[in-house]
Structures are given as C-alpha cells and as structure tokens.
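Colleague: I am new to this structure. Could you walk me through how to read it?

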Amino acid sequence: MIIRMAKVEIVGPKQDLLSTLDLLHNRGIFQPDPQLMERVELAEGEQLQTLVLDENELRERSFFQDMQERVTNLLELLPEVNNGISPLQPLPVMGLLDELVDQHLATTRDQVRILNECRRNAEDLQRDLSFWEALEPLLEDLPKNSNLELFGVTIRDSRQLHNLDCLLQERTQGRCYISSTTAADGTLIGLIATDSGMADGLREALTSERVPELSLPEELADLPLPQRITALHDQLKAQQDKCNQLEVRLMDMSHRWRPIYRRALAWLDERLALYRATATAYTTRLCFIIQGWMANDQVDKLHDDLNRSFSGRVVLEQQAILEEDLDQVPVMLRNPGYFAPFEIMSRLLPLPKYSSYDPTPLIGLFFPVLFGMILGDIGYGMILIVLAFFLARHFPERTLASDIGKILGIAALYTLVFGVLYGEFLGDLGETWLGLHPVWFNRGKAVVPMIVFSLTVGIVHILLGMTLGALTELRRHQPRKALVKLAMLVAVILMVLSLVGWFYPQSWLSTGPLLIGVGILMPILIAAEGLLAPLELLKTMGNIISYVRIMAIGFSSILLAMVANRLGGMTGDIMVGILVGGTLHAFNLLLGVFAPTVHSLRLHYVEFFSKFLDLGGRRFEPWQKRHP
Amino acid sequence: MEKVLIAFAAALAVGLPALATAWAQSRIGAAGAGTLAEKPELTGAIIILVAIPETMVILGFVVAAMILLML
C-alpha cells in the first residue's frame, strides 16, 4: 500500500541549521523539497533567500573537499583488503591525517608506478623467453657455423611463412635457412639463419615485408642463444622478485591504513553531504526554513526529537497537502506479509502517483487466481508446490529467489484448486488412470463454456478497474472526471449486456433498449472526453476479449499434456514411455509456468491497470547516512 | 467441400494474425533487447510491449473458434 505522507516545515534560528540538518540526516526519515518553498508566505519586509555560507564554513568545506579527493585517490591506489572500517573518530585527528595523506599518497604513487613498470618488464621478458625457448630446438637443425647470424621473427600465418621463405631465398641467393614453430601462446614464430654478410639485406627485406623481428634487451643481443635464454630467465626472476617485494609493501600499507582512510572518507562524505543539504534550506534575516516530506506516522517522533535536541528553538509544523501538491508528494510503498513478495512484479512498473493505488495488493490478489485458471492441473500444481517448498527451504532470508518461491507456492495452490475443478492430473492421465472427473467442466472439450468463463473473468476485472479509476478521480478531487468514468462504466455494462442478449437471447434481456442506452450515453461521453470516447469504449471491449487468452493458453497446455500421454503410451515400453512422456510434460510445465506468468502480468499491466493506475510518482528518498 | 472451406477459413483466421503477431513481436523484441541493454529498469514496459501484439492472435483464435463452432 502507499504510505500516507506528511508535508512538514521546519523552522529555527540560522545558527542551528547545520545541527538540525545533521539530526535529520541521522534520523533518515525526511526528504527535503525546495520546490515547496515557492509557496511560503512571509511577513511584510521579510525576504526569503537561499542560504549563503559564511567565510569559515566555506573554508572548512573547501578543505574537506580537497581532503576527500586526496583520500579517494589514495584508496584507489592501495590494494583492496577486507579488513573493515576503523572505529576512529576522524574529526579530532583531521589535521594529522591531512599531513599523513600527502606523504602516503606520494609514497604509494611511487611504489605503484615502479610496480607497474616491473610488471610490464616481466611480461615482456616472459614473452621473449617463451619465443626464444620455442626457437631453441630449431638450432639443432643448423650447422655449427660461427659466421651464422640468427633472427627470430613472428609470422602471421603459414601462407606468410611460405612467401617469406621464397623472398629470403631470392634475396640471399639461397644462402638462408628458415624454420618455424609455435610458441606457448599459439603465435607462429620463425628462426632465420644466414651468413653475417647477408644480415643487413635480410633485415631490410623483413622490414619491407613488415615481418616483426623478436625484440631483445640490448645487453642480451650479442649473446649466443643458449646464454640469451639463461640471461632472460635471470632477468625475469629479478623482475618478479621486485614485483613481489613491492606488492608485499603495498599490502602492508593497505592493511595498516586502509581502515582508517575508509573511515575518514565515510565521515568526509557525510560532512560534505550536510553542506550540500544546506542548498535545500532557505533563510530570512534570522531564521532558516526547510520544507519537505516524511511518513505521517513519523511526524510526532521527529517533533519530539527536535524539541529535545534544541529545547524548542527549532519547530516542526505539519501542513495540509494541497491539491497542487498531489503530483509532487513522494511515494513510499510498504506491503506486509502475504503481499510483500508480489512487490517484485509491481517494481517492473514505474511508481504510482501518491493519489493513485499501489498495484502490489491487486497483483497479489488476482495474479495467482489467473495463473491457476490458466495452468489448472493437479499434477503440475503438486510439482510447483514441491519447487516452492525447495526455494523456501534454501532461501530463508528475503531474497528474489525466496519471493519467487512464495509467489510460486501461492500460484501452485490455485493451480491445484482449478486442477480439481477441471479434473486434470497431468492432462487426461488422471481421467485414464485414476478415474478423475471434472467437478466443473472438462476444458479440453468444453471450449465455448471456457471462452464464456474467461470473458466473464475479464468483465469482472475490467469493471473493477474502471470503478477504481472513478474512485481515483474522486480522491484527486475531480468529481467531473469521476462522473465521466462512471458513465463509461455504465456504457460498458450496457454493451456487455446487449452482447449477452445477442448471443444468448433471454426474454428479460432485450438488446435494443440496451443499445439505445449506449447511444444516449455516447454524446455525453463525447462532450466530456472528445471524439476518442467511442474508441475508448471499443478499446475496453477489446480489453475484455483479451481475457480469452486464459482459455486459449490453458487449452494449448492441456492439449500438449494429452499429446505427451499419447506419445508415451505409443512407445509400447514402460521405461521409454515414461521417458518420452516425462520429457514432454517437463517441457509443458516449463511453458506452463512461463506463459501464465507473462500473460497474467500482461492482463494486469495492459488491461486492468490502464483503467485506473496513474503512474509516474516520485520515489521517497529521505536524507540518510550512507555509512552507519 | 463445405467442411473443407470452413476449416480453411478457421485456419486463415488464426494463421494470418499469428504471422502478424510473430512479425510484430520480432520487431518489438529486437528493439526491446537493445533498450534493455542500456536501460534495464524498463523491463516491465518491454514485457508489456512484447505481449501487446498477442491480442491479434487471441482475437484470431476467437474468430476461428466462432467459425468452427457456429457454422
């Protein structure tokens, strides 16, 4: 339900403003609304203006902002550790923290920079090493000639390798040898051996063909290949050791200081939020005024708190919510017990306006019934109850899964009830094996009664929606609009009755006079609603017909269940039959959960709620501490 | 022959709206998936939009049922 809100005005001496804001911040039950200030009436000569901070307050705010930025930067650099938040009160030690944060920031920045360099070097060395190690076995194929110059290259693909081989043989008149292998990361790499005299020309050819040569630190370039690999190993180990040392140092620093800085940052966030909150306060020469919203049942408590804290200097006054305020009133929804899980469905819609209705209880009442009407099978209902019980056992805390479990449980109960009424147990299996008979009607055969039943449900649901729509207009103090909605309601009833009279003629139900009644109402509706009124009437009739989906989807579900039973029976083997039938029933159950959910929700969102729900409300977002 | 024509008429009454619904849902669904990637809070609105064209096939089903049961 939508919680009743109160519009309140808090007035006090200017010097108590920050303390008052702090108290409101701590309580977390008040949402300021500066727009309300536009309608404040003042005594003659008084002028209302936004609060201007004095020099000291501005200096303090600037200091805290700077401090917040530095602490944030430091925390971003320090590695994440789960060691909570310090209980330290930051304000008395803020001066010390101001000095320390600069030192820590400079040290940490240096260490992080060096660590990043080390990691980059180690990655490069690791890559070089993997390439050269892969090339090492290729050396065994080469003659032991000290005049040979060796090149390592990375090659795009085997086609490029072939082209490169042809080119190099041509450039060196066949005095070149190329072999290839695949590195650990999958890169194709090649080893080119040639005479020292050919090396420069070959290098030029590689450049012109855009074949990258494997890089190597300068000091290693002149070493023979086996020694290169050993040297690369040594360098890699040195870099990794350095990285480890730096990481340990940063981790120590983080363990020691992160809880303190996190606490300081939380405090700074709160303090600066307080300064930002001053923008919502207005002042006169001597006083401040804050207007806003809070839950009606909390007003007395806040009134007492303010009285106690400021000895009556700060006053809270509850004001009447005017008609022009109605669209501005923030909305807070609270649904206890049975209805609470259904909030996950109403949350899919935007918030209703304050003068409208919370859709949650209505979904809670009608969704499971529509679900049960569509699925309506004792077997499926029992399986869903087991599933709901499993979810409830495994998710005792209130989570999305536990909410889904509760909704599933309630919907499954209605599925059981309608299953008994339709006499269905896994389709027609109950009738065949257990001699089950429908209490009401067999919906697999009684198509027309099921259509009539679905339409009747639609008529009741839509008429209820239209009645709620008229009541909404009355709550918004719009009697004229309420009367128009009632006229539309009467027109729909007359249309429905005339259609009933047409299809099922009764002596007491004459279609002609009913249509004349609609004809009389139509000019009134056109005068009030414009030329769209007849279309609205037709749309409402379409909305009612839309409820036939209750029958249509249920019909497809029972036919699929019957197909599952027939196919299972046709196999001639009990095990294969159970497997085939079980698989099809599992598929049908999956569809049977998904389709009724989507279609029941759609009937609510499109057909039912469009008749009365006024969406677009503002969420109630009180000031409150982000950090306890 | 008359029975064949009646059955054919019923099949057309439900088949054509089914095709129309499928086409509409494919367009709405694709656009909805794109919207959800940027604004997940519009899930409810997207479900409604995707489910709206289904009314066509439901009405087609009603007409088909009326053809089969009343003729």
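Modeller: Start with the elements. Helices (H or I, at least four residues) and strands (E, at least two) are DSSP runs, numbered from the N terminus. A:Lys611, for instance, has its place in the loop between H19 and strand S11 (618-619) of chain A. As for labels, residues are numbered from 1 along each chain as its sequence is written, while chains are lettered from A and ligands numbered from 1 in the order in which they are written. This is a predicted model: local features need pLDDT of at least 70, side-chain atom pairs count only at pLDDT 80 or more, and totals for chains, interfaces and linings use all residues.

Colleague: How many helices and strands does chain A have, and how many does chain B have?

Modeller: Chain A comes to 19 helices and eleven strands. Chain B has three helices and zero strands. From its N terminus, chain B runs α-α-α.

Colleague: Back to A:Lys611. Is it buried or exposed?

Modeller: Count C-beta atoms, placed from the backbone. A residue is buried if 20 or more others lie within 10 Å of its own, exposed if 12 or fewer, and partly exposed in between. A:Lys611 has 22 C-beta neighbours inside 10 Å, so it counts as buried. For chain B, the share is 20% of 71 residues.

Colleague: Which residues does A:Lys611 touch?

Modeller: Contact has a cut-off too: two residues are in contact if their C-beta atoms, placed from the backbone, lie within 7 Å. Not counting residues up to four places away in sequence, A:Lys611 touches A:Ile462, A:Gly465, A:Met466 and A:Gly469. Its C-alpha atom is also 8.8 Å from that of A:Thr540, 71 residues apart along the chain.

Colleague: What share of contacts joins residues at least 24 apart in sequence?

Modeller: Take contacts between residues at least 6 apart in sequence. In chain A, 76% of these join residues at least 24 apart. In chain B, the figure is 74%.

Colleague: How do I read the contact between the chains?

Modeller: List the residues, then the elements. Chain A gives 16 residues and chain B gives 13. On the side of chain A, helices H14 (447-475), H17 (532-545), H18 (549-570) and H19 (574-608) each give two or more residues. The largest share, five residues, comes from H19(A). Classes come next: Ala, Val, Leu, Ile, Met, Phe, Trp, Tyr, Cys and Pro count as nonpolar, Asp, Glu, Lys and Arg as charged, and the others, Gly among them, as polar. This side of chain A has twelve nonpolar, two polar and two charged residues.

Colleague: And what is a nonpolar core?

Modeller: In soluble globular proteins, nonpolar side chains tend to be buried together. Here a core is a set of buried Ala, Val, Leu, Ile, Met, Phe, Trp, Tyr and Cys residues joined through C-beta atoms within 7 Å. The largest one has 75 residues, and A:Val548, A:Ile550 and B:Phe61 have the most contacts inside it. Helix H12 (residues 400-422) of chain A gives the most to this core, nine residues. Leaving aside neighbours within four places in sequence, B:Phe61 is in contact with A:Ala552 and B:Val14.

Colleague: How do I read helix packing?

Modeller: Under 35 degrees counts as roughly parallel, over 145 as roughly antiparallel, 65 to 115 as roughly perpendicular, and the rest as oblique. H18(A) and H19(A) pack at about 170°, with axes 7 Å apart. That makes the pair roughly antiparallel. Their contact has eleven nonpolar, ten polar and one charged residues.

Colleague: Which residues have a positive phi?

Modeller: Most residues other than glycine have a negative phi. A:Ser311 has a phi near 50° and sits in the loop between H8 and strand S9 (315-319) of chain A. With 8 C-beta neighbours inside 10 Å, A:Ser311 counts as exposed. A:Leu426 has a phi near 45° and lies in the loop between H12 and helix H13 (429-434) of chain A. A:Leu426 counts as buried, with 25 C-beta neighbours inside 10 Å.

Key
Axes are lines fitted to C-alpha atoms, for helices over the stretch in contact, and angles run from 0 to 180 degrees between N-to-C directions.
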